Amino acid sequence: MSQTRKKNPSDGETKLQTSFVNKFLKGSKLRSSESESRKESNDLNTTDFQPGDGTQKTATVDTAKPLALEMDLGSRLEKNEQFLQKLGTKAVDRRLDLNNCRLTTADVREMVALLPFVPDLEELDVSWNDFVGGTLHLITQQMHHVSKLKILRLGSCRLTTDDVRALGEALKAIPELEELNLSWNNKVGGNLPLILQEFQEGSKIQTLELVDCALTSEDGAFVGQLLPVLQNLEVLDLSINRNIGRSLHSIAQGLKSTSNLKVLKLHSCGLSQKSVKLLDAAFGHLNELRKLDLSCNKELGGGFEDSAAQLATLEHLEVLDLHQCSLTAGDVVSLTEASIHLPALEIFNLSWNKCVGGNLNLLLETLKLSTSLQVLRLSSCSLVTEDVALLASVIQTGHLAKLRKLDLSYNDSICDTGWAVFCQNMWLLKELTELDISLRPSAFRDCGQWFRHLLCAVTKLPEITEIGMKRWILPASQEEELECFGQDHRSSVHFDRGGFQ
């Protein structure tokens, strides 16, 4: 076949479209492509024969079509570029982030017009835009243009039931999808199978976030049945779905098949003591788990007393969040026994568990042997003077050397003597960046002489930047000391003393 054959209109359209799209994705202005446009026009007139009167007319028509197409494309691309500029977003070839841009229905239509020009798009984020709700079908109808999409975020978009149904039908057009976020859309609840039923074995989904979606127990059971299909799943967040606890048996069973899972979040999911036992049976299959969040499940207390054995097998676990779980002393003992087998543990949150108060000694082995610990949160744990004295002794013996953030706030029962002992030893935490010793909102107290020890310790902490001291009242002499401190080379340290009425 001759390589100089006459180009037909479809050939011209393909080449023009590729040229314009490439320039659009680079954020170029239309006028920067004028020279190439003229070259396209000239190329379209090239043929491998000398035209007669009849063929000249055909050539003119063939040339006019691409020129008209070029003008149309140019006009549309300029409008698209203006649309992105209006939203303060740059045109990129793989990522379109319109998160919290206050999109209107008209904006959604303009965004949809972009999709045919971004065939290499891999990330689309339209979260926190209320007007996406009710118009999602406009987007899903164009999904076939962005078949390489890997990340789709639709959090807090007020999706309707029709939107949910349309999304489910569209997912098969984006087989490369790795992340799906539908959080804060309550119409997802009761309709989850309509969305996820298209996920088949071999699905590439790695992240599935369904926070506060009003999921039903039936939805939870469906998730449990779906999990064995999601062999690549690494992040599962079902937080703030209070009915999930009722179907945890199915979910826990499904988790046994997700050996690649790295993050599991079940914050505020109505978990109970029985739930802990079910999860513990699954932990033995989650060898790659890095983050476990079971916080704000107030019926969970007592569940770890006899069910923490498999937790100790999570040797890669870096984050364990159990704040506000009504833990018992027995739970703390079991967790301590498990935690000494978690060498990677970096963040441990036991805040708002009152049983810790007066019983910090139960955590002694954890405090001594968790050599990777960087964040320790014990806010509102009813700690007493003996607890902070124990903590000071642990620090004094060289433990907690990697600690960067320490939260001891809302523990109003610690007397001045306790704070003095603690402040005299905190200078040994050389990597500490944040310390919070704020009082609870209803409490106001005068600082004792320990404040001087605190200032002295801060001068020896090279990394410290933030100290929370809300509602502590400084007498005039200490105010003067703090002012002098702020004028020296450590003035970058921020003392947060808010909370006064």
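Me: Where does Asn-185 sit in the chain?
Reply: In this predicted model, Asn-185 is in the loop between strand S4 (179-181) and helix H7 (192-196); helices (H or I, at least four residues) and strands (E, at least two) are DSSP runs, numbered from the N terminus.

Me: How are the residues numbered, and what is left out of the values?
Reply: Residues are numbered from 1 along each chain as its sequence is written, and side-chain values use heavy atoms, with hydrogens and water left out. Because the model is predicted, local features need pLDDT of at least 70 and side-chain atom pairs count only at pLDDT 80 or more, while totals for chains, interfaces and linings use all residues.

Me: Is Asn-185 buried or exposed?
Reply: Asn-185 is buried, since its relative accessible area is 1%; buried means under 20% relative accessible area, exposed over 50%, and partly exposed in between, with a 1.4 Å probe and protein chains only.

Me: Which other residues is Asn-185 in contact with?
Reply: Leaving aside neighbours within four places in sequence, the contacts of Asn-185 (heavy atoms within 4.5 Å) include Leu-154, Gly-155, Ser-156, Cys-157, Asp-212 and Cys-213.

Me: Cysteines, then: how many disulfides does the structure hold?
Reply: The structure holds 0 disulfides, a disulfide being a pair of cysteine sulfur atoms within 2.5 Å. Cys-381, for instance, is in no disulfide, and the nearest cysteine sulfur, that of Cys-355, is 7.7 Å away. Cys-381 is buried at a relative accessible area of 0%, and Cys-213 also counts as buried, at 0% relative accessibility.

Me: What is Asn-411 in contact with, and where is Asn-411?
Reply: Asn-411 is in the loop between strand S12 (405-407) and helix H14 (416-425), and, neighbours within four places in sequence aside, it is in contact with residues that include Cys-381, Leu-383 and Trp-419.

Me: Which backbone atoms does the Asn-411 side chain reach?
Reply: A polar atom of the Asn-411 side chain lies 2.9 Å from the backbone nitrogen of Leu-383, and the side chain of Asn-411 reaches the backbone oxygen of Ser-409 at 3.1 Å. Asn-411 counts as buried, at 2% relative accessibility.

Me: Switching to the nonpolar core, how many residues does the largest one have?
Reply: The largest nonpolar core has 132 residues, and those with the most contacts inside it are Leu-180 and Leu-454. Helix H15 (residues 450-458) gives the most to this core, with 6 residues. A nonpolar core is a set of buried Ala, Val, Leu, Ile, Met, Phe, Trp, Tyr and Cys residues joined through side-chain atoms within 4.5 Å.

Me: Why would such side chains be found together?
Reply: In soluble globular proteins, nonpolar side chains tend to be buried together.

Me: What about Trp-472, buried or exposed?
Reply: Trp-472 counts as buried at 1% relative accessibility, and its place is in strand S16 (residues 472-473). The side chain of Trp-472 reaches the backbone oxygen of Ile-437 at 2.8 Å.

Me: And Arg-109, buried or exposed?
Reply: Arg-109 is exposed, with a relative accessible area of 52%, and is found in helix H4 (residues 105-114). The C-alpha atoms of Arg-109 and Leu-138, 29 residues apart along the chain, are separated by 7.2 Å.

Me: Which value does phi take at Trp-352 and at Leu-400?
Reply: Phi is near 65 degrees in Trp-352, a positive value in a residue other than glycine, and near 60 degrees in Leu-400, again a positive value in a residue other than glycine. Trp-352 counts as partly exposed at 37% relative accessibility, whereas Leu-400 is buried at 5%.

Key:
A polar contact is a pair of N or O atoms within 3.5 Å; within protein, one must be able to donate a hydrogen and the other to accept it, and residues adjacent in sequence count only if both atoms are side-chain atoms.
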